[in-house]
Amino acid sequence: MTLYRGTVVDTPVSPFDGGELRVEEDGGVLVRDGAILARGSFAAVRDAHPDEPVDDLRGGIVVPGFVDTHVHYPQVRIIGGLGMPLLEWLDRRALPEEARLADDDYAAGVATDFVGALTRAGTTSALVFGSHFPGAVDRLFEESARVGLRVTAGLVVSDRVLRPDLLVSPETAYAESVRLAQRWHGAAGGRLRYAVTPRFSLSCTDAMLQACGSAVTAVPGVFFTSHVNENAAEIAAVEADFGASYGESYDRHGLLARRSVLAHNVHPTDAELDLLAARGTAISHCPTSNSALGSGLFPMRRHLQRGVRFALGTDVGGGMTFSLLREALQAYLVQQCLGEQRTPLSAAHLLHLATAAGADALDLPEVGDLSVGKRFDAVWLRPRAGSTLDVAASNAGDVEDALGTYFALAGSADVAGAFVDGQAVWRPARG
């Protein structure tokens, strides 16, 4: 067993439902075999377990591991393409790079870069948009298993619109998706899971989406993920092609359910929001990407009013960062720009969106907060001595004020440790 000591902060009850930050300023979390056995003040937990080794995580805050609900594995090397809307950005920047992952050796290098970036950012669980090539999907799962992250991912499939080397038939998409799902879903002690992944309705025929629906039912418990309502031109094309709304293009094939996550949803109709709520489908809100590509401002208030679940996604490389801290800050800034339609967000809301809300969206009840009985997936945030963050956090009036300072100023460089199942997946040396 290990007793972790530090300022422990989480949101076991959603602030959107009236919950508040739960804080132990000098807290103790006792962990055995990856599970949390006790939590409370360090003095109380230490008195009850005087002989257990202590891992001292003071000098910052300890929060649940970050959960990224939408991030593109093949795009880690093309972050930073600015000045283009979505469809132009795909054609000029993203898709040429994605085609390179047909080479398994190249894909292995990208997988190493990608998984390393997640761990350095404190992301311990992620729903990953995979590759169009089965070998590259294998490389992603292999690297995720080696490092120890919780990763849900799958083969990206399309049969129209995209460049020819990224297209497959519905029959091939079904066969390869099922084969990969049978190999990886539930692997690595359950940390790896499979997601059926059509790129978006725009690049899929009805036959392809039907094949995806068949793949979902072929392997019990797999996930479904794609994009929805991101860009006005994209939405108009989907509606013209399918004679239905974007959301309905998936629902007609049984693809919207509790284990479904759709990215963006910047421009939903009220009917689509009601459909998503009825199906239990979650939305991945990617504010940095939406801002960078000029897609629009996320209508958070309408999602809350209609009962649609949502969490945060970085959407790398449309997004600019792997850090859920930076993504949460952008979510805050976007809401501040919406005037009467804004949803006021506190530091507690931001922490919840980056942790527990993501765990809920990805159906990971064993993580998301640091309660007894949960797995110890956690992040230790510690400012570098003398940095602006260090000065500002030290001057904060209380822990909630300090947490707001972390969201305002912290990034991947301030992640001093990341743990999955009680094992360190990132613990950089500090001078």
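Student: Does aspartate 33 count as buried, partly exposed or exposed?
Tutor: This is a predicted model, and the accessibility is computed from it. Aspartate 33 sits in the loop between β2 (22–32) and β3 (35–41). The cut-off for an exposed residue is over 50% relative accessible area. Aspartate 33 has 69% relative accessibility, so it counts as exposed.

Student: What is phi of aspartate 33?
Tutor: Most residues other than glycine have a negative phi. Aspartate 33 has a positive value instead, and its phi is near 50 degrees.

Student: Where is alanine 188, and does it count as buried, partly exposed or exposed?
Tutor: Alanine 188 lies in the loop between α5 (170–184) and β10 (192–198). Its phi is also a positive value, near 55 degrees.

Student: Which residues does the cis peptide bond at glycine 317 join?
Tutor: Glycine 317 is placed in the loop between β14 (310–312) and α12 (324–336). Most peptide bonds are trans. Here omega is about 5 degrees, and the cis bond joins valine 316 and glycine 317.

Student: Why do the buried residues of α9 line one face of the helix?
Tutor: In α9 (residues 270–279), the buried residues are Glu272, Leu273, Leu275 and Leu276. Seen down the helix axis, they line one face because they fall within an arc of 160 degrees.

Student: Which exposed residues are on the face of α9 turned away from its buried side?
Tutor: The buried side of α9 has a cover that includes α8 (246–251), β12 (260–264), β13 (282–285) and α11 (300–306). Just after the helix, glycine 280 takes a positive phi of about 80 degrees. The face turned away from the buried side carries Ala271 and Ala278.

Student: Which element gives the most to the lining of the largest pocket?
Tutor: The largest pocket holds about 430 Å³ of space. It is lined by 25 residues, and the closest to its centre are Ser14, His352, Ala356, Ala357 and Asp360. Two elements give two or more residues to this lining, α13 (347–354) and α14 (356–361). With five residues, the one that gives the most is α14.

Student: How many nonpolar residues are in the lining of the largest pocket?
Tutor: By class, this lining has four polar and seven charged residues. The nonpolar residues number 14.

Student: Which elements give two or more residues to the lining of the second largest pocket?
Tutor: This pocket has a volume of about 290 Å³. Of its 17 lining residues, Thr7, Gly60, Ile61, Ala393 and Ala402 lie nearest its centre. By class, the lining has eight nonpolar, five polar and four charged residues. The elements giving two or more residues are β1 (2–10), α15 (388–394) and α16 (399–409).

Notes
Residues numbered from 1 in each chain as written. Predicted model: local features only at pLDDT ≥ 70, side-chain atom pairs only at ≥ 80, totals over all residues. Heavy atoms only, no water. Buried < 20%, exposed > 50% of the residue type's maximum accessible area, 1.4 Å probe, protein only. Helix = DSSP H or I, 4+ residues; strand = E, 2+ residues; numbered from the N terminus. Arc of directions from axis to C-beta. Contact = heavy atoms within 4.5 Å. 1 Å grid on protein atoms, 1.4 Å probe; cavity = no way out; pocket = protein on both sides within 12 Å on 5 of 7 lines; lining within 4 Å. Points joined across faces, edges and corners; volume = space filled by probe spheres on them. Nonpolar A, V, L, I, M, F, W, Y, C, P; charged D, E, K, R; others polar.
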